Amino acid sequence: PPFLHKNNEDVIEEMCRNVIRDMDSYGVCVIDNFLGEERGNAVLNEVLEMYTKGIFKDGQLVSSRGRQGDLKTIRGDQIAWIDGREKTCKNIGLLISQVDAVLMRANKMPNNGKLGQYTIDGRTKAMVACYPGSGSHYVKHVDNPNRDGRCITAIYYLNVHWDVKLSGGLLRIFPEGWRGDKVADIEPHFDRLLFFWSDRRNPHEVQPAYQTRYAITLWYFD
Ligand SMILES: O=C(O)CNC(=O)c1n[nH]c2ccccc2c1=O
Ligand SMILES: [Fe+2]
């Protein structure tokens, strides 16, 4: 069939259109199957390798009420910063360059709506985050509440066969301006890429996770 020879350029172009449309309409955009199974697994394996090597810094300690109302202190998210040029992180480096490619191209396309109001000129390193299960969570927050330059949060999820009903770990965004009590519930599925405005438009929380939950975050600067 004709579409089979669709080259990478067409795919990226199509993806950019989706990013532009969704960021304009919702301020949130989800792209599934971003890298495909094989390269997604290669990224996951590098993250698991890092984890077993103990590269992650111990997450902040958070106290929260257990199910019986008892005060528990649990380990929050554990993180590691990767710039993608490390020789043991080639596939994470590939992921980063793919996300860069989509965003930089979308930022340069004509008629790119709200995305066009920014000139993306840089990003942070990749923050690899692990929520170690046992109820680890992240309280409701805004990534960039005070104009620190970050305009877009990009999160790539690595959790194969993740079932929120069993394992929790839902990302709930409370987009301002959405009518009533509408929220955006994002499940942290393997090979899923998420974009959202980093500022006060998107308060969000990570609900308690009961399995080990991995994600890679990039923040883009305007
Ligand atoms: O994993 C998610 O689905 C969302 N995750 C977040 O919102 C989030 N936001 N800000 C952070 C700052 C430092 C360390 C971890 C984080 C973090 O997981
Ligand atoms: Fe956040």
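**Figure 1. The shell around ligand 1.** In this predicted model, 13 residues surround ligand 1, with a heavy atom within 4 Å of the ligand. The closest are Tyr131, His141, Tyr157, His204 and Arg213. By class, the shell has eight nonpolar (Ala, Val, Leu, Ile, Met, Phe, Trp, Tyr, Cys and Pro), three charged (Asp, Glu, Lys and Arg) and two polar residues (the others, Gly among them).

**Figure 2. Polar contacts of ligand 1.** A polar contact is a pair of N or O atoms within 3.5 Å. Oxygen atoms of ligand 1 lie 2.7 Å from a side-chain N or O atom of Tyr131, 2.7 Å from a polar side-chain atom of Tyr157 and 2.8 Å from one of Arg213. The protein covers 90% of the 400 Å² of accessible area (Shrake-Rupley method, 1.4 Å probe) that ligand 1 has on its own.

**Figure 3. Confidence in the model.** The predictor gives the complex an ipTM of 0.99 and a pTM of 0.93.

Residues are numbered from 1 along each chain as its sequence is written, chains are lettered from A and ligands numbered from 1 in the order in which they are written. Local features need pLDDT of at least 70, side-chain atom pairs count only at pLDDT 80 or more, totals for chains, interfaces and linings use all residues, and side-chain values use heavy atoms, leaving out hydrogens and water.

Terms used:
Polar contact = N/O pair within 3.5 Å; in protein donor to acceptor, adjacent residues only side chain to side chain.
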